[in-house]
Amino acid sequence: MIHHLSIVLALGVLAASAEKEPPRQDLLRFSNGDQLHGSFAGIGAGAKIAWNRDDVTGAIELSSTEIRQVVLNGGRPRKALGSLSCVTLVDGDRIPGVLKSLDDKTVVLETSFAGPVTLPRDRVAMVAPSPLGGRLIYHGPYEGEEWSAVNMATPEGVPAAPAGKDAKDDPTKPGHWKFSGSAWYWQGTRPGTALVRKEGMPDRSVVRFNLAWKNRMSMAFAFHADFQRPKEPEDGVVGNAAANQFPADASAFPKLFGSSYVLQMSGNSVLLYRAGFDEGGKPSIEAIRSNSYSARLGESDNVTVELRCNRQSGEISLFINDEFFGQWSEGAAGAGTTAYAGKGTGFGFMVQSMNSPVRISDIVMAEWNGMPDSARSLQVEDQDIVLLANGTDRFSGKVTGFQDGMVLLDGRYGGFRFPLDDLAEIRFARGSLAKPLESTVGEMTIHLSPLGRVTGKPVEGTATHVRLLTPSAGEWNVDLAPATILDFNPSNSFLDDWDVQF
């Protein structure tokens with residue numbers, strides 16, 4: 001119950017702040033790369049998008065087949081969802097809502113954006129009353145001002161790029177991160193500039209983000225960073241070569257991130273570093289080579305990364321695309337020479353490879369309840385898995401129902417009853433799930449904040465609501481207040497234009 005209340009309170013603060021925000025313009029992105037500011041006015045017959053502009057009388061009608069996406073209100077929800085509780089469908093949609101009933105045939109949710117919805121059980125892969133296990137701290141990005149950029153020459157913050165000029169035109173200046181449409185983009189030819197938040201990461205943390213790239217990728221993610229470095233004469237910029245001014249290899253980690261851990265991800269490997277300074281103030285970088293892991297990130301151009309770390313116990317676990325990838329065991333904070341290396345509460349990203357555009361989006365930071373793994377890593381063919389919110393207890397068997405606030409499980413050693421508030425996840429047996437449906441022409445995907453994705457065919461809609469025919473559960477009247485993006489023809493291909501001129 002404590003976890004549930006803390007999440008609701010945190011989301012209430014986010015919702016209140018969102019409601020106080022002044023209205024922002026919507027952005028229409030066309031499939032050919034063009035874009036148009038204005039305001040979304042609804043969807044008409046034949047999936048025609050209505051669009052308003054101050055300089056045009058009456059609404060403009062556009063075919064949804066020509067539109068890639070609509071970014072609503074500058075990528076910020078008008079009202080965030082009040083709970084993280086959700087279900088995940090076999091096709092990847094995440095439906096936010098609170099469980100109301102469950103049996104062999106259906107799962108019923110009460111949602112704040114579409115009222116009560118009934119889902120076929122065989123299309124539900126997971127029910128997650130408390131998917132993160134703890135308090136939500138950050139979800140975004142929605143504001144470029146929430147972040148800062150640093151490099152070796154300017155540890156206090158890189159000045160913004162001059163208007164109308166690309167920093168890559170001047171080899172003596174650092175590259176720049178650019179914010180657009182709820183994502184950060186790196187398109188510079190020279191690496192060496194880190195995108196950071198210098199606070200907000202608790203001792204026990206779970207952080208998730210979506211990473212997309214073109215060409216060969218090498219990416220560093222620093223966590224529990226304090227961004228502190230001793231004042232040394234050599235801190236000043238020496239020489240004129242851009243490579244000397246803005247190094248992007250592991251030697252730069254201590255001066256960029258201070259005492260921290262840095263996860264280095266490349267096309268064929270993932271490696272964890274300890275970064276910091278010795279007693280004499282000399283930078284120190286140490287690769288934890290005994291626990292390096294092979295990867296094949298070069299074969300994909302889009303992954304979801306999830307890191308779980310506990311400064312109190314020294315546990316660090318990595319998941320890629322919701323599958324367990326690797327684990328490291330460090331000393332707990334204050335444990336002498338083997339003490340946990342990350343001393344701060346910040347985190348950040350840095351591209352390390354030349355000419356490798358990168359997009360960072362869907363960043364979530366939350367408290368971690370300390371569970372060493374997730375039910376996702378224990379999902380089996382013929383049994384349901386129930387994971388408790390305490391992070392340590394899990395049970396297998398057959399989930400038979402939900403009555404009077406209790407989830408019923410028929411286990412190997414008898415029947416169990418679990419209060420819903422005590423559960424983190426229910427993973428249904430893979431063998432009981434239907435195959436994902438193929439996408440059909442005319443579908444759209446509505447992204448909800450902070451965590452949610454709903455797909456279906458739009459029937460009609462206004463600026464505030466859309467009637468959506470979902471493939472699994474019939475027609476819903478979706479409130480767009482928590483929506484951030486409407487995807488009509490999304491592309492995750494490396495052929496994306498990645499136009500960041502928001």
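How many residues lie between strand 34 and strand 35 in their hairpin? I looked, and there are two. I note that the model is predicted.

**Entry: strand 34**

I started from the strand 34–strand 35 pairing. Strand 35 covers residues 465–470 and runs antiparallel to strand 34, with four bridges joining them.

I then looked for other partners of strand 34. Strand 33 (residues 444–448) pairs with strand 34 in the antiparallel sense, over four bridges. Here I found I446 opposite V454. Strand 33 and strand 34 also form a hairpin, with four residues between them.

Strand 2 came next. Strand 2 spans residues 35–44, strand 34 spans residues 453–462, and the two pair antiparallel over two bridges. I43 stands opposite G461 in this pairing.

**Entry: T111**

I moved to T111, which sits in strand 9 (residues 106–111). Is T111 buried or exposed? I find T111 buried, at a relative accessible area of 5%.

I checked the T111 side chain for polar partners. A polar atom of this side chain lies 2.9 Å from the backbone nitrogen of A114. The side chain also reaches the backbone oxygen of G115, at 2.7 Å. Beyond neighbours within four places in sequence, I list P96, G97 and V117 as contacts of T111.

**Entry: cysteines**

I looked up disulfides, with sulfur atoms within 2.5 Å as the cut-off. The count is zero. C86 is buried, with a relative accessible area of 1%. C309 is buried too, at 0%.

Conventions
Residues are numbered from 1 along each chain as its sequence is written. This is a predicted model: local features need pLDDT of at least 70, side-chain atom pairs count only at pLDDT 80 or more; totals for chains, interfaces and linings use all residues. Side-chain values use heavy atoms; hydrogens and water are left out. Buried means under 20% relative accessible area, exposed over 50%, partly exposed in between (1.4 Å probe, protein chains only). A polar contact is a pair of N or O atoms within 3.5 Å; within protein, one must be able to donate a hydrogen and the other to accept it, and residues adjacent in sequence count only if both atoms are side-chain atoms. Contact means heavy atoms within 4.5 Å. Two strands pair if DSSP finds at least two bridges between them.
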